[in-house]
Amino acid sequence: MTFLTAASLLTSRSAAYVTRPAFSVTRTMSAFSKSDVSLMAEKGQAEVVLVGCGAPNRGMGWYHGLQMVEKKCPHASLDYVVEPWFMGPGASGPGGDDFQKCQAEWESVYGVKFATSLSELPPPKAPRLALISGRTADNPRLLSEAIANGSKCIYLEKPGAPTVAELQAMKEEAAAAGVEVLMGYNKNVCKYVSKTREYAATVPGSHVTFVSNNAYENTPASLGECFERNAEGMLKNMAIHELALLVSFYDVSVENIESVTADKEFSSMQTLAGPSGKEWTDFDKIKFTIKTKTGKEVSVQADRCGGTDSYATVTKDDKEIFRYYMPDDDDKKLVKELTAKYPTAMPYFFTQDPDYITVKERVAKHTVDGQPAEGIATIDIAVETLRVAEYLTPILREQLK
């Protein structure tokens, strides 16, 4: 299905919108100036600036934007999109045409304004929430720009920064400016996580394993592209959500790890060439168990080619006694509907759709009223999670040699 078809489907989902005319002029410049101070966010809403939309059907930022223009997050008004790549050097490259069509629709149908830089935005007229969903390497600079341009709160996608040192510096910069930074660790609010933790708490001596899957093709070309695009590595990318769960709920920290043991039978590490020709070494799948000095034990399993479902298990005496999936049976109908509407989009968008909404809504509400954003990971959790990822990666690589 072409993006034009997908966009048409998108606009037909709400009776509040009529079928729009065909796309006309494509703009690759900011559609407004500093003097434009029109207010889109209504009373009780945060003025959201999406920083890093990415390519339609592939970028996490695009999916965040899609949920907001569809009014899935009542306290969030998507007023601005900042996209320097596809409105600049990437406009004529892969994904550029699809982005320009998306831009034209979001401008004409939803009134969203586009810019190439945060510095182009007018002063906020409502509590401003910057949702940063760009390249990890750009996040330190983008956070500084978001603070300088009036953000009250920042929603930062995982892992936050390439290194612990950079993320720690970002934390200190935001604290000095009085700006709160909350993280897009959506699995902290997932149903399958809470259900599994609740069940395990009723079974003394049980063991929990969190399982994360992606649906990349198990080919050198597909995995090589994945390794290059996610150059920070699996533990700082795909499995970082599970590490955040361990930090949040299982007392895991670098100082409290007693041991980590890789499951060599399951795990695999490869060196593959990416689209640029450069070689990258990473795990295509990994399973490991952490024991803490305070007596807790928990496992993580991640597979780039394992499918679309994530789940968690509880075992007792090496026998599985409980398993809960994401999506569960109640959510599978939604996944089917979204897959039919957007068949070329990344499948994991749909399995985690309700949780993305929950995190954005809680952060947006917090931006407006200052009440605690229940269950949302803070940048403190993110710093420790990244520390754990950096600590584990060389140990696990060594064990798999």
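These legends describe close-up views of a predicted model.

**Conventions for all views.** Local features need pLDDT of at least 70 and side-chain atom pairs count only at pLDDT 80 or more, while totals for chains, interfaces and linings use all residues. Residues are numbered from 1 along each chain as its sequence is written, and side-chain values use heavy atoms, with hydrogens and water left out.

**View 1. Confidence along the chain.** The protein chain averages a pLDDT of 90, where pLDDT is the predictor's confidence in each residue, from 0 to 100. Of the residues, 90% score at least 70. Residues 1–38 have a pLDDT below 50. Beyond near neighbours in sequence, this stretch still has 78 contacts in the model (contact: heavy atoms within 4.5 Å). Where pLDDT is low, the predicted coordinates should not be read in detail.

**View 2. Helix 2 crosses helix 11.** Helix 2 spans residues 60–69 and helix 11 spans residues 353–369. Helices (H or I, at least four residues) and strands (E, at least two) are DSSP runs, numbered from the N terminus. The two axes come within 11 Å and cross at roughly 75 degrees. That makes the pair roughly perpendicular. Angles under 35 degrees count as roughly parallel, over 145 as roughly antiparallel, 65 to 115 as roughly perpendicular and the rest as oblique. Axes are lines fitted to C-alpha atoms, for helices over the stretch in contact, and angles run from 0 to 180 degrees between N-to-C directions. Helix 2 contributes Met60, Tyr63, His64, Gln67 and Met68. These meet Asp353, Tyr356, Ile357 and Lys360 of helix 11. By class, the contact has 5 nonpolar, 2 polar and 2 charged residues (nonpolar: Ala, Val, Leu, Ile, Met, Phe, Trp, Tyr, Cys and Pro; charged: Asp, Glu, Lys and Arg; polar: the others, Gly among them).

**View 3. Serine 117 in its loop.** Serine 117 lies between strand 3 (113–115) and strand 4 (128–132). Its relative accessibility is 19%, so serine 117 counts as buried. Buried means under 20% relative accessible area, exposed over 50%, partly exposed in between (1.4 Å probe, protein chains only). Its side chain makes a polar contact with the side chain of serine 119, at 2.9 Å. A polar contact is a pair of N or O atoms within 3.5 Å; within protein, one must be able to donate a hydrogen and the other to accept it, and residues adjacent in sequence count only if both atoms are side-chain atoms. Not counting residues up to four places away in sequence, serine 117 touches Val82 and Glu145.

**View 4. The buried residues of helix 7.** In helix 7 (residues 220–229), Ser222, Leu223, Gly224, Cys226 and Phe227 are buried. Their cover includes strand 9 (268–273) and strand 10 (279–292).

**View 5. Threonine 315 and aspartate 317.** Threonine 315 sits in strand 12 (residues 310–316). Leaving aside neighbours within four places in sequence, threonine 315 contacts Ser206, His207, Glu320 and Ile321. Aspartate 317 is in the loop between strand 12 and strand 13. Its phi is near 55 degrees, a positive value in a residue other than glycine. Aspartate 317 is exposed, at 65% relative accessibility.

**View 6. Asparagine 57, with positive phi.** Asparagine 57 occupies the loop between strand 1 (46–51) and helix 2. Its phi is near 75 degrees. Asparagine 57 is buried, with a relative accessible area of 7%.

View 7. Proline 159 lies in the loop between strand 5 (153–156) and helix 5 (164–177). Proline 327 is in the loop between strand 13 (319–326) and helix 9 (329–341).
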